[in-house]
Amino acid sequence: MLRDITIGQYFPGDSIIHRLDPRFKIVMTILYIVMLFTGDNYICLGVGAVYTFGAILLSRIPLKMFLRSVKPLLPFLIITAAINLMFMNSGDVLWQWKFIKITDGGLNTSVFMVIRIVLLIMGSSLLTYTTSPITLTDAIERLLSPLRKIKFPVHELAMMMSIALRFIPTLIEETDKIMSAQKARGAEIDTGSFTTRAKNLISILVPLFISAFRRADELATAMECRCYHGGEGRTRLRQLRSAPRDYTALALTVLFLAAVIVLGRLF
Amino acid sequence: MAILETQELTYTYSVGTPFEKTAVDHVSLKIEEGEMIGVMGHTGSGKSTLIQHFNGLLRPTSGKVLLDGKDIWENKEKIRDVRFRVGLVFQYPEYQIFEETVYRDIAFGPKNMGLDEAEIKRRVYETAHDIGLSEELLERSPFELSGGQKRRVAIAGVMAMEPRVLILDEPTAGLDPAGRDKILDHIRHYHERTKNTILIVSHSMEDIASFADKILVMSRAKLFCYDETVKVFARADEISQIGLDVPQITKVFGELRRRGLDFGKEVFTVGYARDLLLRQLAEREVR
């Protein structure tokens, strides 16, 4: 069902990963992505995997949830693997049919790419699983705040992001409700031929748009009633404060990154 | 035979995640044809989840739902037919309206049933009449109507499928008293005309007392009780213990009894209370 979509879903918890400063977590995730993409041999990837699974273990979120986050991207993974398999022509030819050649080099690269992408998805899911969307946008706002000097609307951007994030579950719930209501009137939405399904989509989209606009309107009024006037002079309820453990975690991540760079040179 | 029956019906949300929650827990009940049933329960008591099983929108985690003695999930392909036989009107149903005219929105369900134009037309006019929408409204855009009118259009959209069981989830929520009475009156007339089975979820004890033959009470995912209205409101103490209320007039008469003025009967509606008191007064004068 729709409510089972997990991208960007937060899993409340109290693990060490949950408690890390979100700003550090974002920086660490960026370093993690760099880590995955600088190492171009299996040893580097192994180090990346150790880092990923170590962090997942510390987060105390079931591994199953991470596998579920990979699932929607499965078609993408298959296409990547297929393209690598068909167009990388290094090494010995294993199998050939007309112009399609499968070589051991190509096989190697596609396996490597798939593992790399799976790790990438799992690692970045960890960020959204352990950080609530609101703290996440807070952190982004803080990290981007130097850009304010060049008149970049950091606060407005962050506010837009938090509102969008905040309303994803609401809209999903709403869609679910409208779908149920139309199904109760016999609309074929997940069954039936392609054309009837497409036609029935209108019966969902129209009410959904109407309600989205209504909500936006109500939210704007509610914000104005509470004298919202943008980011100027606004203070925060939750101040972000870094603790020694944040620096330890960052140091550890840098260490892993360094290891990957060194190992990448050596082998 | 009962028209609708559940056997050990259980439903668990989000199995295998930290949000796992059993919303309906081993509920077994039988609903007889032609009954008017009030459904009560707190927010989160599982009543909305329960009613979504009656027309096959949700599939039980375990247990069965029987319609006319047949398991509705026996043949998955036929589940759409179940939805035509058991009509479900959701809470705030006006938010599901999408067509350009009132007529077309009411006709959406019958059209999905594959009926011919003439039959659809008959049904739209008949249900519009049943729910108190005048004919000139039918060609208007539903989005120009008032809140109460929109609500009635949405209810008519389900009624037009002529389901044998009609379930309404809080049909009067958010309406003013006049709009509320109007909708309940129309539903009552519809019931008298069609003799169909009707289930109404409501938070208002006064409303439930005024129409229900039987009351179904859900509490913490379990069936708390399911019995005739008289018997359920006679258990006023237990009902208030699970955080629900009995009608105010019942409370008044309960208090009168405690002070030694027993009328020997449970009282649920103001009209009945007035008749009872007048009769008692008349008897005294005779004496």
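Predicted model: local features only at pLDDT ≥ 70, side-chain atom pairs only at ≥ 80, totals over all residues.
**View 1. A lysine of chain A with a positive phi.** Take a look at A:K151, whose phi is positive, at about 65 degrees, even though the residue is not a glycine. To find A:K151, follow chain A to the loop between α7 (133–144) and α8 (154–184).

**View 2. A lysine of chain B with a positive phi.** Now hop over to B:K195, another residue other than glycine, where phi is positive and near 60 degrees. B:K195 sits in the loop between α6 (177–194) and β8 (197–201) of chain B. Counting around B:K195 gives 11 other C-beta atoms within 10 Å, so B:K195 is exposed too.

**View 3. Helices α3 and α6 of chain A, side by side.** Here we zoom in on α3 (residues 42–59) and α6 (residues 104–130) of chain A, whose axes come within 10 Å. How do these two helices run relative to each other? Their axes cross at roughly 25 degrees, and since angles under 35 degrees count as roughly parallel, α3(A) and α6(A) are roughly parallel to each other. The crossing is left-handed. On the α3(A) side, the contact is made by A:L45, A:G48, A:A49, A:T52, A:A55, A:I56 and A:S59.

**View 4. Where chain B touches chain A.** How many residues does each chain bring to this contact? Chain B gives 21 residues and chain A gives 17. On the chain B side, the elements that supply two or more residues are α2 (79–85), α3 (102–112) and α5 (147–159). That side of chain B divides into twelve nonpolar, seven polar and two charged residues.

View 5. Chain A has ten helices and two strands. Walk along the sequence and the pattern reads α-α-α-α-α-β-β-α-α-α-α-α. What does the radius of gyration say about chain A? It is 23 Å, well over the 18 Å that the globule rule gives for 267 residues, so chain A is more spread out than a compact globule. Along the principal axes, the C-alpha trace spans about 65 × 60 × 40 Å. Some 23% of the residues of chain A count as buried. Look at the contacts with a separation of 6 or more, and 74% of them in chain A come from residues 24 or more positions apart.

View 6. Chain B has eleven helices and ten strands. The radius of gyration of chain B is 21 Å, close to the 19 Å that the globule rule gives for 287 residues, so chain B is as compact as a globular protein of that length. Its C-alpha atoms fill a box of roughly 65 × 50 × 35 Å along the principal axes. Buried residues make up 41% of chain B. Among the contacts in chain B between residues at least 6 apart in sequence, 65% join residues at least 24 apart.

Technical notes. Residues numbered from 1 in each chain as written. Chains lettered and ligands numbered in written order. Helix = DSSP H or I, 4+ residues; strand = E, 2+ residues; numbered from the N terminus. Rg over C-alpha atoms; globule rule 2.2 N^0.38 Å. Buried ≥ 20, exposed ≤ 12 C-beta atoms within 10 Å, placed from the backbone. Contact = placed C-beta atoms within 7 Å. Axes fitted to C-alpha atoms, helices over the stretch in contact; angles between N-to-C directions. Parallel < 35°, antiparallel > 145°, perpendicular 65-115°, else oblique. Left-handed = near helix turned anticlockwise from the far one by under 90°. Nonpolar A, V, L, I, M, F, W, Y, C, P; charged D, E, K, R; others polar.
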